[in-house]
Amino acid sequence: MIHKAVFIAPVENGELWIEPSRRVQRLCADLCCTARPKALEFFIKWLYTKCRKRRILAGIMATLAHQILDRFADGSTLARADLMLDADYDSIGRALGELVKNKKIVRVGRGRYRKADQRRAAPVNTISKAIEKTVRRSKRNVFLRKDFAGLGSYDAIGRALKQKTEDGKLVQIGYGLYAKAQVSPFTGKPAPVIGIKRLATEALGRLGKEVSVSSFEDAYNSGRSTQVPTGRMIAVKDRVRRRIGYDGNYVIFQRAG
């Protein structure tokens, strides 16, 4: 029967055989039964064009997924650019998304993946409790996302950190930066337990940036100015690309001389 046939779609290295879905098979069968060969021929051409334009080729995606899994066979962590596959950027992205959804691989960073552990992953609530316990026992006030990397996958840790910020146990002060928090008696909102200057200084130290006295503080300390520094300006020897602060209050970075 014609409706039992498969369609052939062109790919870069040859041809791909596509089996039509049940809905497509029923439609083809109806066209055959009503003796409308022209309509059937037109429908097949339309479906062929649609598959080619939209690249909704399940066979390609399956093959691409197998190729990706082969790259992770040794258990290493790879970046998206390291896969070196003969496919376009969007197709690789969709294949990676499906593998993550099917729990074949896990995302461990921006554009970085590793093969999923076959053991059952810890639920978000368990990771959230582990994060809260780590924060409570630590003497630090600022935490990086990578401090919790051993507790679960990249996405699971992200969800747990979001839960802790909603609970008021943490406040996000920058990209990948979190601070211990408590409810402010003035605003009733969660706020860091230390001031913004100490907060930013500790955060910069954790990022490997060297902090020095700003020009305003230097002028005040030397008696050249009577204006008391607000503490919102911090001199940094290296360039800082991210903002550090919370609730609309951010420190200003000054390039140290």
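## Basis and overall composition

Helices (H or I, at least four residues) and strands (E, at least two) are DSSP runs, numbered from the N terminus. The model is predicted, so local features need pLDDT of at least 70 and side-chain atom pairs count only at pLDDT 80 or more, while totals for chains, interfaces and linings use all residues. Residues are numbered from 1 along each chain as its sequence is written, and side-chain values use heavy atoms, with hydrogens and water left out.

The protein contains 8 helices and 14 strands. Of its 257 residues, 33% count as buried; buried means under 20% relative accessible area, exposed over 50%, and partly exposed in between (1.4 Å probe, protein chains only). The exposed surface comes to about 17200 Å², with carbon and sulfur atoms supplying 51% of it; accessible areas come from the Shrake-Rupley method with a 1.4 Å probe, and for residues only the protein chains shown count as cover. Contact means heavy atoms within 4.5 Å. Among contacts between residues at least 6 apart in sequence, 50% join residues at least 24 apart.

## Loop residues with positive phi

Lys-103 sits in the loop between helix 4 (89-101) and strand 4. Its phi is near 60°, a positive value in a residue other than glycine. Lys-103 counts as exposed, at 67% relative accessibility.

Asp-247 also has a positive phi, of about 50°, although it is not a glycine. This residue lies in the loop between strand 12 and strand 13 (249-250), and at 59% relative accessibility it counts as exposed.

An open sheet is formed by 3 strands in the order 3-5-4, with antiparallel pairing. Strand 3 (78-79) and strand 4 (105-109) stand at the edges; each has a single partner strand, so one side of each is left without a neighbour in the sheet. Two strands pair if DSSP finds at least two bridges between them. Strand 3 and strand 5 (residues 112-115) run antiparallel and are joined by 2 bridges. In this pairing, Leu-78 stands opposite Tyr-113 in strand 5.

## Nonpolar cores

A nonpolar core is a set of buried Ala, Val, Leu, Ile, Met, Phe, Trp, Tyr and Cys residues joined through side-chain atoms within 4.5 Å. The largest one has 20 residues, of which Ile-173, Leu-177, Leu-199 and Ile-244 touch the most other members. At least two residues of this core come from each of strand 6 (142-144), strand 7 (170-174), strand 8 (177-183), helix 7 (196-206) and strand 11. Helix 7 gives the most, with 5 residues.

Leaving aside neighbours within four places in sequence, Ile-173 is in contact with Val-142, Tyr-178, Ala-179, Leu-199, Ala-203, Arg-243, Ile-244, Gly-245 and Tyr-246. A second, separate core has 13 residues, including Ile-92, Ala-95, Leu-96 and Ile-105.

## Salt bridges around Lys-164

A salt bridge is a side-chain nitrogen of Lys or Arg within 4 Å of a carboxyl oxygen of Asp or Glu, and the count by this rule is 5. Glu-132 forms one with Lys-164, the closest N and O atoms being 2.9 Å apart. Glu-132 belongs to helix 5 (residues 124-137) and Lys-164 to helix 6, so the pair ties together parts that are 32 residues apart in sequence.

Lys-164 also meets Asp-167 in a salt bridge (3.6 Å, N to O). These two residues are 3 residues apart in helix 6, separated by about one helical turn. Lys-164 is buried, at 5% relative accessibility, whereas Glu-132 is partly exposed at 26% and Asp-167 is partly exposed at 43%. Not counting residues up to four places away in sequence, Lys-164 touches Ser-128, Ile-131, Glu-132, Lys-169 and Leu-170.

The side chains of Lys-237 and Glu-210 form a salt bridge (3.3 Å, N to O). This pair links distant parts of the chain, 27 residues apart: Lys-237 is in the loop between strand 11 and strand 12, and Glu-210 in the loop between helix 7 and strand 10 (211-212). Lys-237 is partly exposed at 40% relative accessibility, and Glu-210 is partly exposed at 45%. In the other group, salt bridges that share partners join Glu-132, Lys-164 and Asp-167 into one network.

Asp-238 is found in the loop between strand 11 (233-236) and strand 12 (245-246). Leaving aside neighbours within four places in sequence, Asp-238 is in contact with Gly-208, Lys-209, Glu-210 and Arg-255. Asp-238 counts as partly exposed, at 36% relative accessibility.
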